[in-house]
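Colleague: I have some questions about the terms used for this model. Please give the value and the cut-off each time.

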Amino acid sequence: MLKININTVICMGVLPLLTWLILSPRVSNSIYLELAIALFCIFLNGMLSLRHNKIGKPTLVVILLVLWVFVLGLINAGVTIAAKHSIAFLLTLSPIYLSNYIIRDPDDKFDQKRYRILIPIIVVLLAFCFIMSLAYLRINPEAMRNMASDAGEIDFFSAIGGGYKLVFSVIILSAVVAFLIKEESVVKNKVIYILVYAFLIYFIIKADVATAFILTLLVSIPLLFFKRKKTSFRFYIVAFILLLVFILFVSGPLYEIAGRVATLFEEDSFLHIRLNELQSGDSSFAGRGERILQSLETILKYPLFGVGVRSGFGYYELAGHLGMHSDFFDIPGKYGIPFTLALYTMFYMQFRKIKSMLKDSAKEQLYSILGLSVIVTSIFDPVITTNMLLMLYVFVPMVLLKNPGKI
(Lines give C-alpha, C1' and ligand atoms only; values in the text may rest on other atoms or scores of the structure.)
Protein backbone atom coordinates (compact mmCIF):
# COMPACT_ATOMS: atom_id res chain seq x y z
CA MET A 1 0.00 0.00 0.00
CA LEU A 2 1.24 3.47 -0.87
CA LYS A 3 2.08 5.45 2.25
CA ILE A 4 0.48 8.89 1.99
CA ASN A 5 2.57 11.57 3.69
CA ILE A 6 2.78 15.33 3.42
CA ASN A 7 5.31 15.22 0.54
CA THR A 8 3.14 12.82 -1.46
CA VAL A 9 0.10 15.05 -1.03
CA ILE A 10 2.03 18.15 -2.09
CA CYS A 11 3.51 16.48 -5.17
CA MET A 12 0.22 14.89 -6.27
CA GLY A 13 -2.27 17.55 -5.27
CA VAL A 14 -0.62 20.95 -5.27
CA LEU A 15 2.49 21.11 -7.42
CA PRO A 16 0.86 20.04 -10.71
CA LEU A 17 -1.75 22.80 -10.54
CA LEU A 18 0.63 25.47 -9.20
CA THR A 19 3.24 24.69 -11.83
CA TRP A 20 0.68 24.68 -14.60
CA LEU A 21 -0.94 27.91 -13.44
CA ILE A 22 2.38 29.72 -13.17
CA LEU A 23 4.17 28.47 -16.26
CA SER A 24 1.40 27.87 -18.75
CA PRO A 25 0.96 30.40 -21.52
CA ARG A 26 -1.82 29.54 -23.95
CA VAL A 27 -1.11 26.18 -25.54
CA SER A 28 -3.06 27.10 -28.68
CA ASN A 29 -1.68 24.18 -30.67
CA SER A 30 -2.56 21.63 -27.96
CA ILE A 31 -5.99 22.62 -26.64
CA TYR A 32 -7.08 19.16 -25.58
CA LEU A 33 -3.85 18.52 -23.66
CA GLU A 34 -4.29 21.83 -21.83
CA LEU A 35 -7.91 21.02 -21.07
CA ALA A 36 -7.04 17.53 -19.78
CA ILE A 37 -4.33 18.88 -17.45
CA ALA A 38 -6.68 21.59 -16.19
CA LEU A 39 -9.52 19.17 -15.42
CA PHE A 40 -7.17 16.70 -13.74
CA CYS A 41 -5.70 19.40 -11.47
CA ILE A 42 -9.12 20.84 -10.65
CA PHE A 43 -10.52 17.42 -9.75
CA LEU A 44 -7.51 16.41 -7.64
CA ASN A 45 -7.32 19.65 -5.70
CA GLY A 46 -11.09 19.73 -5.31
CA MET A 47 -10.93 16.30 -3.66
CA LEU A 48 -8.11 17.45 -1.38
CA SER A 49 -10.13 20.48 -0.26
CA LEU A 50 -12.91 18.35 1.21
CA ARG A 51 -13.14 18.31 5.02
CA HIS A 52 -14.50 15.33 6.99
CA ASN A 53 -16.29 13.89 3.95
CA LYS A 54 -18.34 17.04 3.40
CA ILE A 55 -18.00 20.04 1.10
CA GLY A 56 -16.65 23.16 2.77
CA LYS A 57 -18.36 26.51 2.28
CA PRO A 58 -15.74 27.99 -0.08
CA THR A 59 -15.89 24.88 -2.29
CA LEU A 60 -19.69 24.97 -2.27
CA VAL A 61 -19.74 28.65 -3.29
CA VAL A 62 -17.29 27.92 -6.12
CA ILE A 63 -19.54 25.11 -7.38
CA LEU A 64 -22.62 27.37 -7.31
CA LEU A 65 -20.83 30.21 -9.12
CA VAL A 66 -19.51 27.87 -11.82
CA LEU A 67 -23.03 26.47 -12.30
CA TRP A 68 -24.31 30.05 -12.64
CA VAL A 69 -21.76 30.73 -15.41
CA PHE A 70 -22.63 27.44 -17.12
CA VAL A 71 -26.39 28.09 -17.08
CA LEU A 72 -25.98 31.64 -18.44
CA GLY A 73 -23.71 30.31 -21.18
CA LEU A 74 -26.19 27.55 -21.95
CA ILE A 75 -28.98 30.11 -22.40
CA ASN A 76 -26.85 32.26 -24.69
CA ALA A 77 -25.13 29.53 -26.70
CA GLY A 78 -24.62 25.77 -26.65
CA VAL A 79 -23.19 23.23 -24.24
CA THR A 80 -19.66 23.46 -25.66
CA ILE A 81 -19.41 27.24 -25.26
CA ALA A 82 -21.02 27.11 -21.82
CA ALA A 83 -18.57 24.43 -20.68
CA LYS A 84 -15.62 26.40 -22.06
CA HIS A 85 -16.50 29.55 -20.12
CA SER A 86 -17.28 27.54 -16.97
CA ILE A 87 -13.87 25.85 -17.04
CA ALA A 88 -12.16 29.20 -17.66
CA PHE A 89 -13.98 30.71 -14.70
CA LEU A 90 -13.19 27.70 -12.49
CA LEU A 91 -9.50 28.05 -13.35
CA THR A 92 -9.65 31.72 -12.42
CA LEU A 93 -10.96 30.77 -8.96
CA SER A 94 -8.44 27.95 -8.47
CA PRO A 95 -6.29 30.06 -6.08
CA ILE A 96 -9.28 30.23 -3.72
CA TYR A 97 -9.63 26.49 -3.23
CA LEU A 98 -5.85 26.05 -3.38
CA SER A 99 -5.61 28.58 -0.56
CA ASN A 100 -8.34 26.80 1.36
CA TYR A 101 -6.27 23.62 1.18
CA ILE A 102 -2.76 25.03 1.68
CA ILE A 103 -3.28 27.83 4.20
CA ARG A 104 -4.30 26.16 7.46
CA ASP A 105 -2.93 26.25 11.01
CA PRO A 106 0.27 28.35 10.96
CA ASP A 107 1.53 26.63 14.12
CA ASP A 108 1.10 23.13 12.71
CA LYS A 109 4.39 21.35 11.90
CA PHE A 110 2.99 19.78 8.72
CA ASP A 111 1.85 23.19 7.50
CA GLN A 112 5.26 24.71 8.16
CA LYS A 113 6.82 21.83 6.24
CA ARG A 114 4.41 22.47 3.37
CA TYR A 115 5.44 26.16 3.30
CA ARG A 116 9.16 25.30 3.37
CA ILE A 117 8.70 23.01 0.37
CA LEU A 118 6.42 25.23 -1.71
CA ILE A 119 7.96 28.69 -1.17
CA PRO A 120 11.35 27.96 -2.81
CA ILE A 121 9.61 26.18 -5.70
CA ILE A 122 7.28 29.13 -6.37
CA VAL A 123 10.16 31.62 -6.03
CA VAL A 124 12.14 29.72 -8.67
CA LEU A 125 9.11 29.49 -10.97
CA LEU A 126 8.38 33.20 -10.61
CA ALA A 127 12.02 34.09 -11.24
CA PHE A 128 11.86 32.05 -14.43
CA CYS A 129 8.66 33.85 -15.47
CA PHE A 130 10.18 37.30 -14.96
CA ILE A 131 13.42 36.43 -16.75
CA MET A 132 11.50 34.85 -19.63
CA SER A 133 9.33 37.96 -19.96
CA LEU A 134 12.36 40.27 -19.97
CA ALA A 135 13.95 38.11 -22.67
CA TYR A 136 10.84 38.51 -24.83
CA LEU A 137 10.87 42.26 -24.19
CA ARG A 138 14.37 42.54 -25.65
CA ILE A 139 13.03 41.05 -28.89
CA ASN A 140 9.68 42.84 -28.93
CA PRO A 141 8.94 45.90 -26.73
CA GLU A 142 5.21 45.11 -27.01
CA ALA A 143 5.69 41.54 -25.79
CA MET A 144 4.12 42.16 -22.38
CA ARG A 145 0.81 43.07 -23.94
CA ASN A 146 0.96 40.31 -26.55
CA MET A 147 2.07 37.33 -24.43
CA ALA A 148 -0.81 35.27 -23.08
CA SER A 149 -3.24 37.74 -24.62
CA ASP A 150 -7.01 37.44 -24.36
CA ALA A 151 -7.34 36.36 -27.99
CA GLY A 152 -7.26 32.62 -28.41
CA GLU A 153 -9.23 29.65 -29.65
CA ILE A 154 -10.08 28.61 -26.10
CA ASP A 155 -10.88 31.37 -23.67
CA PHE A 156 -8.70 30.40 -20.72
CA PHE A 157 -7.23 33.04 -18.43
CA SER A 158 -3.90 34.68 -19.18
CA ALA A 159 -1.26 32.58 -17.44
CA ILE A 160 1.23 34.05 -15.03
CA GLY A 161 4.06 32.69 -17.16
CA GLY A 162 4.24 35.96 -19.01
CA GLY A 163 2.26 38.83 -20.32
CA TYR A 164 0.24 41.81 -19.27
CA LYS A 165 -1.22 40.28 -16.11
CA LEU A 166 2.13 39.10 -14.79
CA VAL A 167 3.04 42.78 -14.59
CA PHE A 168 0.30 43.48 -12.05
CA SER A 169 1.65 40.81 -9.70
CA VAL A 170 4.60 43.17 -9.16
CA ILE A 171 2.27 45.52 -7.24
CA ILE A 172 1.79 42.90 -4.53
CA LEU A 173 5.29 41.44 -4.67
CA SER A 174 7.02 44.83 -4.43
CA ALA A 175 4.92 45.73 -1.37
CA VAL A 176 5.86 42.49 0.39
CA VAL A 177 9.54 42.94 -0.45
CA ALA A 178 9.43 46.56 0.80
CA PHE A 179 7.89 45.29 4.05
CA LEU A 180 10.65 42.68 4.40
CA ILE A 181 13.33 45.32 3.76
CA LYS A 182 11.95 47.44 6.57
CA GLU A 183 11.48 44.57 9.03
CA GLU A 184 14.62 42.51 8.32
CA SER A 185 17.42 42.91 10.87
CA VAL A 186 20.02 40.66 9.22
CA VAL A 187 22.14 42.79 6.87
CA LYS A 188 22.71 40.02 4.32
CA ASN A 189 19.00 39.33 3.96
CA LYS A 190 18.21 43.06 3.80
CA VAL A 191 20.65 43.50 0.91
CA ILE A 192 19.04 40.56 -0.93
CA TYR A 193 15.57 42.09 -0.48
CA ILE A 194 16.83 45.47 -1.73
CA LEU A 195 18.21 43.84 -4.87
CA VAL A 196 14.94 41.98 -5.44
CA TYR A 197 12.99 45.23 -5.02
CA ALA A 198 15.29 47.01 -7.50
CA PHE A 199 14.74 44.18 -9.98
CA LEU A 200 10.96 44.42 -9.64
CA ILE A 201 11.03 48.18 -10.25
CA TYR A 202 13.27 47.64 -13.28
CA PHE A 203 10.85 44.99 -14.56
CA ILE A 204 7.79 47.22 -14.16
CA ILE A 205 9.53 50.06 -16.00
CA LYS A 206 10.57 47.77 -18.86
CA ALA A 207 7.02 46.41 -19.06
CA ASP A 208 5.79 49.92 -19.94
CA VAL A 209 2.38 49.56 -18.24
CA ALA A 210 1.59 52.96 -16.73
CA THR A 211 -1.16 51.88 -14.31
CA ALA A 212 0.92 49.08 -12.82
CA PHE A 213 3.96 51.37 -12.54
CA ILE A 214 2.01 54.06 -10.66
CA LEU A 215 0.36 51.58 -8.29
CA THR A 216 3.62 49.75 -7.64
CA LEU A 217 5.27 52.94 -6.43
CA LEU A 218 2.19 54.10 -4.54
CA VAL A 219 1.84 50.83 -2.62
CA SER A 220 5.47 49.90 -1.99
CA ILE A 221 7.42 53.12 -1.36
CA PRO A 222 5.54 54.17 1.82
CA LEU A 223 6.22 50.73 3.31
CA LEU A 224 9.95 51.41 3.04
CA PHE A 225 9.61 54.33 5.49
CA PHE A 226 6.70 53.59 7.80
CA LYS A 227 7.55 52.37 11.28
CA ARG A 228 6.28 48.99 12.41
CA LYS A 229 3.58 50.25 14.77
CA LYS A 230 2.70 53.38 12.82
CA THR A 231 1.84 51.95 9.44
CA SER A 232 -1.37 53.78 8.61
CA PHE A 233 -3.96 52.00 6.50
CA ARG A 234 -5.76 55.35 6.26
CA PHE A 235 -2.87 56.75 4.19
CA TYR A 236 -3.55 54.19 1.46
CA ILE A 237 -7.29 54.81 1.56
CA VAL A 238 -6.73 58.55 1.04
CA ALA A 239 -4.09 57.95 -1.64
CA PHE A 240 -6.30 55.57 -3.59
CA ILE A 241 -9.31 57.89 -3.32
CA LEU A 242 -7.20 60.73 -4.73
CA LEU A 243 -6.07 58.48 -7.57
CA LEU A 244 -9.69 57.59 -8.39
CA VAL A 245 -10.69 61.26 -8.30
CA PHE A 246 -7.74 62.08 -10.54
CA ILE A 247 -8.80 59.54 -13.14
CA LEU A 248 -12.55 60.15 -13.05
CA PHE A 249 -12.97 63.88 -12.51
CA VAL A 250 -9.86 66.05 -12.86
CA SER A 251 -7.80 64.07 -15.35
CA GLY A 252 -7.96 66.66 -18.15
CA PRO A 253 -6.03 69.52 -16.50
CA LEU A 254 -3.58 67.11 -14.91
CA TYR A 255 -2.90 65.43 -18.25
CA GLU A 256 -1.97 68.87 -19.60
CA ILE A 257 0.47 69.23 -16.71
CA ALA A 258 1.83 65.75 -17.52
CA GLY A 259 2.68 66.96 -21.03
CA ARG A 260 4.66 69.89 -19.64
CA VAL A 261 6.51 67.67 -17.17
CA ALA A 262 7.38 65.32 -20.04
CA THR A 263 9.61 68.04 -21.55
CA LEU A 264 11.93 67.70 -18.54
CA PHE A 265 13.00 64.20 -19.65
CA GLU A 266 14.85 62.82 -22.65
CA GLU A 267 12.61 62.31 -25.69
CA ASP A 268 13.28 58.57 -25.87
CA SER A 269 12.88 57.99 -22.12
CA PHE A 270 10.07 55.92 -20.64
CA LEU A 271 8.65 58.84 -18.62
CA HIS A 272 8.68 61.28 -21.56
CA ILE A 273 6.82 58.84 -23.82
CA ARG A 274 4.21 57.84 -21.22
CA LEU A 275 3.52 61.39 -20.06
CA ASN A 276 3.07 62.57 -23.65
CA GLU A 277 0.65 59.72 -24.29
CA LEU A 278 -1.41 60.88 -21.31
CA GLN A 279 -1.54 64.42 -22.68
CA SER A 280 -2.52 63.31 -26.19
CA GLY A 281 -5.06 60.73 -24.98
CA ASP A 282 -3.22 57.86 -26.70
CA SER A 283 -2.82 56.02 -23.40
CA SER A 284 -5.70 53.78 -22.30
CA PHE A 285 -4.99 55.11 -18.80
CA ALA A 286 -6.56 58.37 -19.92
CA GLY A 287 -9.82 56.65 -20.83
CA ARG A 288 -10.47 54.76 -17.60
CA GLY A 289 -13.25 57.08 -16.47
CA GLU A 290 -15.28 56.63 -19.65
CA ARG A 291 -14.81 52.86 -19.54
CA ILE A 292 -16.03 52.68 -15.93
CA LEU A 293 -19.09 54.80 -16.69
CA GLN A 294 -19.93 52.53 -19.63
CA SER A 295 -19.82 49.49 -17.35
CA LEU A 296 -21.94 51.23 -14.70
CA GLU A 297 -24.62 52.01 -17.28
CA THR A 298 -24.73 48.34 -18.27
CA ILE A 299 -24.98 47.22 -14.63
CA LEU A 300 -27.97 49.51 -14.08
CA LYS A 301 -29.58 48.27 -17.30
CA TYR A 302 -29.05 44.54 -16.64
CA PRO A 303 -28.66 44.22 -12.84
CA LEU A 304 -29.94 40.67 -12.29
CA PHE A 305 -28.12 38.43 -14.80
CA GLY A 306 -25.84 40.88 -16.57
CA VAL A 307 -25.45 41.54 -20.28
CA GLY A 308 -23.44 38.39 -21.09
CA VAL A 309 -26.53 36.20 -21.25
CA ARG A 310 -27.91 38.49 -23.97
CA SER A 311 -24.83 39.37 -26.01
CA GLY A 312 -22.47 36.47 -25.34
CA PHE A 313 -19.38 36.13 -23.13
CA GLY A 314 -16.62 36.68 -25.66
CA TYR A 315 -14.46 39.78 -25.46
CA TYR A 316 -15.76 41.39 -28.63
CA GLU A 317 -19.40 40.65 -27.79
CA LEU A 318 -19.01 42.32 -24.40
CA ALA A 319 -16.88 45.25 -25.61
CA GLY A 320 -19.93 47.07 -26.94
CA HIS A 321 -21.55 47.05 -23.50
CA LEU A 322 -18.69 47.11 -20.97
CA GLY A 323 -15.47 49.07 -20.62
CA MET A 324 -13.59 45.73 -20.54
CA HIS A 325 -10.82 47.39 -18.57
CA SER A 326 -12.12 47.09 -15.03
CA ASP A 327 -12.92 43.75 -13.44
CA PHE A 328 -14.52 45.42 -10.43
CA PHE A 329 -17.32 46.84 -12.62
CA ASP A 330 -17.14 44.49 -15.61
CA ILE A 331 -17.92 41.34 -13.60
CA PRO A 332 -21.33 42.58 -12.33
CA GLY A 333 -22.05 43.91 -15.82
CA LYS A 334 -21.16 40.52 -17.28
CA TYR A 335 -22.85 38.14 -14.81
CA GLY A 336 -25.19 40.28 -12.70
CA ILE A 337 -25.16 41.80 -9.22
CA PRO A 338 -26.26 38.69 -7.21
CA PHE A 339 -23.44 36.65 -8.78
CA THR A 340 -20.94 39.41 -8.04
CA LEU A 341 -22.00 39.74 -4.40
CA ALA A 342 -21.48 36.00 -3.87
CA LEU A 343 -18.10 36.12 -5.63
CA TYR A 344 -16.80 39.14 -3.72
CA THR A 345 -18.10 37.73 -0.43
CA MET A 346 -16.10 34.55 -1.05
CA PHE A 347 -12.99 36.64 -1.74
CA TYR A 348 -13.54 38.59 1.46
CA MET A 349 -14.19 35.55 3.67
CA GLN A 350 -10.97 33.85 2.55
CA PHE A 351 -9.10 37.15 2.98
CA ARG A 352 -10.43 37.56 6.53
CA LYS A 353 -9.57 33.95 7.37
CA ILE A 354 -5.95 34.42 6.31
CA LYS A 355 -5.63 37.78 8.05
CA SER A 356 -6.86 36.28 11.35
CA MET A 357 -4.04 33.72 11.16
CA LEU A 358 -1.28 36.34 10.98
CA LYS A 359 -1.54 37.42 14.65
CA ASP A 360 0.90 40.26 14.12
CA SER A 361 -0.22 43.88 13.77
CA ALA A 362 2.37 44.80 11.13
CA LYS A 363 1.60 41.75 8.99
CA GLU A 364 -2.13 42.37 9.36
CA GLN A 365 -1.67 45.96 8.19
CA LEU A 366 0.41 44.79 5.24
CA TYR A 367 -2.19 42.20 4.25
CA SER A 368 -4.97 44.81 4.45
CA ILE A 369 -2.93 47.09 2.19
CA LEU A 370 -2.44 44.25 -0.30
CA GLY A 371 -6.17 43.49 -0.30
CA LEU A 372 -6.97 47.15 -0.91
CA SER A 373 -4.41 47.33 -3.71
CA VAL A 374 -6.10 44.39 -5.49
CA ILE A 375 -9.49 46.13 -5.22
CA VAL A 376 -8.14 49.41 -6.55
CA THR A 377 -6.16 47.72 -9.32
CA SER A 378 -9.28 45.81 -10.37
CA ILE A 379 -11.05 49.15 -10.80
CA PHE A 380 -8.38 50.14 -13.35
CA ASP A 381 -7.62 46.86 -15.09
CA PRO A 382 -8.99 43.32 -15.60
CA VAL A 383 -6.87 41.66 -12.92
CA ILE A 384 -9.31 39.64 -10.79
CA THR A 385 -7.63 36.66 -12.39
CA THR A 386 -5.33 33.87 -11.39
CA ASN A 387 -2.16 35.98 -11.23
CA MET A 388 -3.05 38.42 -8.47
CA LEU A 389 -5.21 35.91 -6.63
CA LEU A 390 -2.31 33.45 -6.48
CA MET A 391 -0.18 36.20 -4.96
CA LEU A 392 -2.81 37.35 -2.46
CA TYR A 393 -4.27 34.02 -1.36
CA VAL A 394 -1.45 31.49 -1.77
CA PHE A 395 2.12 32.79 -2.07
CA VAL A 396 2.07 35.86 0.20
CA PRO A 397 0.21 34.08 3.05
CA MET A 398 2.81 31.28 2.98
CA VAL A 399 5.59 33.87 3.25
CA LEU A 400 3.91 35.75 6.11
CA LEU A 401 2.87 32.58 7.99
CA LYS A 402 6.22 30.85 7.70
CA ASN A 403 7.79 30.86 11.18
CA PRO A 404 4.88 32.65 12.98
CA GLY A 405 5.92 35.73 14.89
CA LYS A 406 9.10 36.15 12.82
CA ILE A 407 9.96 37.68 9.48
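Colleague: Which residues are buried in helix 18?

Modeller: This is a predicted model. In helix 18, the buried residues are Phe339, Thr340, Leu343, Met346, Phe347, Gln350, Phe351, Ile354, Met357 and Leu358.

Colleague: What makes them line one face of the helix?

Modeller: Viewed down the axis of helix 18, the buried residues fall within an arc of 130°, so they line one face.

Colleague: What span is expected for helix 18, and what does it reach?

Modeller: Helix 18 covers residues 337–358, which is 22 residues. At 1.5 Å a residue 32 Å is expected, and the helix reaches 32 Å from its first C-alpha to its last. Lys359 follows helix 18 and has a positive phi, near 55°.

Colleague: Why is Asp360 called buried?

Modeller: Buried means under 20% relative accessible area. Asp360 has 12%, so Asp360 is buried. Asp360 is found in the loop between helix 18 and helix 19, and a polar atom of the Asp360 side chain lies 3.0 Å from the backbone nitrogen of Lys363.

Colleague: Which residues of helix 9 are buried, and what puts them on the same side?

Modeller: The buried residues of helix 9 are Tyr197, Leu200, Ile201, Phe203, Ile204 and Ala207. They cover an arc of only 160° around the axis, so they are on the same side of helix 9. Val187, Lys188 and Leu195 are exposed on the other side of helix 9.

Colleague: Which residues form the nonpolar patch on the surface?

Modeller: Leu60, Ile63, Leu64 and Leu67 form the patch, with about 350 Å² of accessible area together. Leu64 is placed in helix 3, residues 57–76.

Note on methods
Residues are numbered from 1 along each chain as its sequence is written. This is a predicted model: local features need pLDDT of at least 70, side-chain atom pairs count only at pLDDT 80 or more; totals for chains, interfaces and linings use all residues. Side-chain values use heavy atoms; hydrogens and water are left out. Patches are made of residues with over 30% relative accessible area and no salt bridge: like charges are joined within 9 Å, nonpolar side chains (Val, Leu, Ile, Met, Phe, Trp, Tyr) within 5 Å. Accessible areas come from the Shrake-Rupley method with a 1.4 Å probe; for residues, only the protein chains shown count as cover. A salt bridge is a side-chain nitrogen of Lys or Arg within 4 Å of a carboxyl oxygen of Asp or Glu. Helices (H or I, at least four residues) and strands (E, at least two) are DSSP runs, numbered from the N terminus. The expected span of a helix is 1.5 Å times one less than its number of residues. Buried means under 20% relative accessible area, exposed over 50%, partly exposed in between (1.4 Å probe, protein chains only). The arc is that of the directions from the helix axis to the C-beta atoms. A polar contact is a pair of N or O atoms within 3.5 Å; within protein, one must be able to donate a hydrogen and the other to accept it, and residues adjacent in sequence count only if both atoms are side-chain atoms.
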